Amino acid sequence: MESRGTWTPSSWQERAVKQQPTWPDPAALESSLKQIATLPPLVFAGEARSLQTELGRVASGNAFLLQAGDCAESFEDFSADNIREKLRVILQMAIILTYSVGVPIVKVGRMAGQFAKPRSSDFETVGGIDIPSFRGHIVNDATASEAARIPNPERLVQAYHQSASTLNLLRAFTKGGFADLSHVHSWTQEFVASSPEGQRYEKLAAEIDRALSFMRACGIETEANSNLSEVDVYTSHEALIVGYEEALTRRDSITGDWYDCSAHMLWIGERTRELDGAHVEFLRGVGNPIGCKVGPTMTAEELLELCAILNPSRIPGRLTLITRMGADKIEEGLRPLLRAVADAGHPVVWACDPMHGNTFTAPSGRKTRHFDDIVREISGFVRAHRAEGTWPGGIHVELTGENVTECLGGGDELLDSDLDSRYETVCDPRLNARQGVDLAFRVAELIQDFT
Ligand code: PEP
Ligand code: CO
């Protein structure tokens, strides 16, 4: 393997960097990045270390990761309601998984910073003219006009501030009573409550209530126990715009190590994971737990090099490999990778992204995914782990708490003709709350069969 020079927060700048916007005004970019570099960190190094410890438990098969949220957060669709609804689904899914699988669920949102999108092409043709592609609200606007698509570095600053407010609300909801287990019934949205999944959830919530009453009757003070009244929901996003990530990279005063304080966990996308590229270079040097997407073209050899670069000290929980191969490819594609990583002794978390390998354009022209393909990919993922004797450590999904119509199938049996009614995503199609709750039950069954 090539030897790497000294890492610094800016050493990525010597590498080839993919998927960056062409900012029209370098001075304006410089000024935004300078401003961000002076602003407070969004998360603290100690929190990132706590997440890494929890992910270490996932790596050893004693916990399960639920990473979920928007494909791309939006500057427009930004409200307390929206954040609360997303949190509710995540809490519901986590409760279903905790109760059914019987291990702690590590909860990580694609939230409070998930703004930047990699694109397969720099341009898109609209009405016969080429305009720059939409790259997420941290860069430009989704409106299909040349002017809207010009990258604007002021958006970097706005993304920072929106992340700060989102995180503030997340902390308030998760520590201020909303996530108290005694409120387990109140997390169900009205539109979910009457559905079969909603009723299944209600039954489970009633069992939890009984268990809490039982504990209180035994003299255990459930009210005073923070394990029951608070949860940790960590934040994560794809570390795509490396200048933004660098501006938020700070030295931890306790350990002296560098942390990317834009989120607790950062991941490298499928399109920017070359071993000698800027994204791998940047993330190898920060102390946060990190992820990397693993698509169908990944080879065992390349993956072992990636593990060696990103986690040379083999710290459990440091590296999460997020597979996204497609429902038809996952089982056969994953097995040699599982074997190679296990044989090399790398203590990774394996998580399944069942979304990005199963996206297609429906006859209506809408980009979508079918709920059945999502379940099928997770089941192939679980089967591959069962065959190799490794732990199917988690799922990584795109969802929202709203009653959107973006993914086909599920309990509502959404059809292509339904997609238009509430198709609101600014990027990829997300599961709605009902589909999310349904998915959690399916995953719980798959993992229960596994254990
Ligand atoms: C994503 O997670 O939204 C994404 C773009 O995924 P991938 O890098 O796996 O295509
Ligand atoms: Co996506």
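Helices (H or I, at least four residues) and strands (E, at least two) are DSSP runs, numbered from the N terminus. Thr222 is placed in the loop between helix H6 (196-217) and helix H7 (226-229). The model is predicted: local features need pLDDT of at least 70 and side-chain atom pairs count only at pLDDT 80 or more, whereas totals for chains, interfaces and linings use all residues. Residues are numbered from 1 along each chain as its sequence is written, chains are lettered from A and ligands numbered from 1 in the order in which they are written, and side-chain values use heavy atoms, with hydrogens and water left out.

**Ligand 1**

Ligand 1 is surrounded by Cys71, Arg110, Lys117, Pro118, Trp267, Gly269, Glu270, Arg271, Lys293, Arg324, His356 and Glu398, a residue being near if one of its heavy atoms lies within 4 Å. By class, this shell has three nonpolar, two polar and seven charged residues; Ala, Val, Leu, Ile, Met, Phe, Trp, Tyr, Cys and Pro count as nonpolar, Asp, Glu, Lys and Arg as charged, and the others, Gly among them, as polar.

| Residue | Part in contact with an oxygen atom of ligand 1 | Distance |
|---|---|---|
| Glu270 | polar backbone atom | 2.9 Å |
| Arg324 | N or O atom in the side chain | 2.6 Å |
| Glu398 | polar side-chain atom | 3.1 Å |

The protein covers 97% of the 300 Å² of accessible area that ligand 1 has on its own, as given by the Shrake-Rupley method with a 1.4 Å probe; for residues, only the protein chains shown count as cover.

**The cobalt ion**

The protein donors of the cobalt ion (ligand 2) are Cys71 (SG), His356 (NE2), Glu398 (OE) and Asp428 (OD), lying 2.1 to 2.4 Å from the ion. Donors are N, O and S atoms within 2.8 Å of the metal (3.2 Å for Na, K and Ca), and sites may look incomplete because water is not among the atoms. Cys71, in the loop between strand E1 (64-69) and helix H3 (80-101), and Asp428, in the loop between strand E14 (394-398) and helix H13 (433-450), are 357 residues apart and link distant parts of the chain.

Buried means under 20% relative accessible area, exposed over 50%, and partly exposed in between (1.4 Å probe, protein chains only). Cys71 is buried, with a relative accessible area of 0%, and Asp428 is buried at 8%.

**Nonpolar cores**

A nonpolar core is a set of buried Ala, Val, Leu, Ile, Met, Phe, Trp, Tyr and Cys residues joined through side-chain atoms within 4.5 Å. Of the 101 residues in the largest core, Trp350 and Leu439 touch the most other members. Helix H3 supplies the largest share of this core, eleven residues. A second, separate core of 27 residues includes Leu39, Ala48, Leu156 and Ile241.

**Individual residues**

Thr222 is buried, with a relative accessible area of 6%, and its side chain makes a polar contact with the side chain of Arg216 (2.8 Å).

Most residues other than glycine have a negative phi. Gln19, although not a glycine, has a positive phi of about 65°; Gln19 lies in the segment before helix H1 (26-38) and is buried, with a relative accessible area of 15%. Arg314, also not a glycine, has a positive phi of about 55°. Arg314 is in the loop between helix H10 (300-310) and strand E10 (319-323) and counts as partly exposed at 38% relative accessibility.

Technical notes. Polar contact = N/O pair within 3.5 Å; in protein donor to acceptor, adjacent residues only side chain to side chain.
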